[in-house]
Amino acid sequence: MSAASPVRAAWDLSTRAFHWLLAVLVVVSFTTGKIGGPWLEWHMRSGYAILALLIFRLGWGLVGSRNVRFVEFVRGPRAVATHLREILAGRVPVTTGHNPVGGWMVVAMLALLALQAATGLFANDESSHEGPLAKMVSNAVVDRMSVIHNYNQWLVVIAASLHVVAILAYQWVLKVNLMRPMISGPRSVPMRAVILLVSSAAAVYALVVIYPGAR
Ligand code: HEM
Ligand code: HEM
């Protein structure tokens, strides 16, 4: 197989919608967080949507279409080493989903975003805004969560930037277009994806509205 024509499975519509919504919302969250003040209202709303998307992706990684399932693309160190060797030798191994290195990038990015969203729930800006669960923990915990939220924002930025650089490198250096399958592909959305998304949104609503309100 030549480097210019690796066969790649298309991403399903649910994963593509998840991806682009996530990308937009991360930019919105970062920007509104930096502006601060009244924009933190929108920052938190955007953060809740990210939280719901992450829960959705977790579920979709278990019951989604084949190439988005974690068991399919989270691979051991030997597969990662082999893939790196192939790339360094100038060959592009054919994979039908995330390659063994990209798979770990996905896990890392989802984990960093989950940490960011989770710490945000307990963070405060030391004036008028606080996460919906901040009242339920001590000030020391709120301070710690705010510090982690502040540091981890940069890890999120670094991971997202490396991610985009990697996609561009595939395009320019290896002549592989990874972007097309993340844009177009199958159009159907199975009912279990809809149920999963609604349940994820309901779980976030329960966590940030019903639970704090009931205390
Ligand atoms: C993954 C998405 C998120 C990103 C990228 C993000 C990013 C940021 C950034 C850049 C700031 C400004 C910190 C600074 O002053 O430099 C901030 C502050 C803040 N965020 Fe988030 N955040 C996210 C999710 C959330 C969530 C889900 C909540 C909770 C509802 C939240 C609550 C807060 C609060 C209360 C602050 C003010 C605390 C402070 O300024 O230290 N964030 N966030
Ligand atoms: C803040 C911005 C972004 C975040 C947080 C993000 C996050 C992610 C995540 C989590 C995945 C894994 C998809 C999955 O299996 O669920 C992914 C894949 C992908 N992203 Fe992004 N992304 C961002 C921006 C972008 C941009 C700007 C582009 C286009 C240049 C892009 C192109 C892609 C492509 C092509 C894939 C599939 C990679 C592959 O084929 O292995 N992403 N991204």
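Modeller: A helix here is a DSSP run of H or I with at least four residues, and a strand is a run of E with at least two. On that basis this predicted model has eight helices and zero strands.

Colleague: What pattern does the protein follow along the sequence?

Modeller: Read that way, you get α-α-α-α-α-α-α-α.

Colleague: Why is α5 called roughly antiparallel to α6?

Modeller: The two pack at an angle of about 150°, with their axes 9 Å apart. Angles over 145 degrees count as roughly antiparallel, so α5 is roughly antiparallel to α6. The crossing of α5 and α6 is left-handed, too.

Colleague: Which residues meet there, in α5 and in α6?

Modeller: Among them are Met105, Ala108 and Leu112 in α5, and Met145, Ile148 and His163 in α6. The residues of that contact divide into 11 nonpolar, seven polar and no charged. Gly counts as polar, so Gly120 of α5, which is part of the contact, goes with the polar group.

Colleague: Now ligand 2. How many residues surround it, and which are the closest?

Modeller: There are 21 around ligand 2, and the closest are Ala23, Val26, Ala160, Leu178 and Met182.

How values were computed
Residues are numbered from 1 along each chain as its sequence is written. Chains are lettered from A and ligands numbered from 1 in the order in which they are written. This is a predicted model: local features need pLDDT of at least 70, side-chain atom pairs count only at pLDDT 80 or more; totals for chains, interfaces and linings use all residues. A residue is near a molecule or strand if its C-beta atom, placed from the backbone, lies within 6 Å of it. Axes are lines fitted to C-alpha atoms, for helices over the stretch in contact, and angles run from 0 to 180 degrees between N-to-C directions. Angles under 35 degrees count as roughly parallel, over 145 as roughly antiparallel, 65 to 115 as roughly perpendicular and the rest as oblique. A crossing is left-handed if the near helix is turned anticlockwise from the far one by less than a right angle, and right-handed if clockwise. Two residues are in contact if their C-beta atoms, placed from the backbone, lie within 7 Å.
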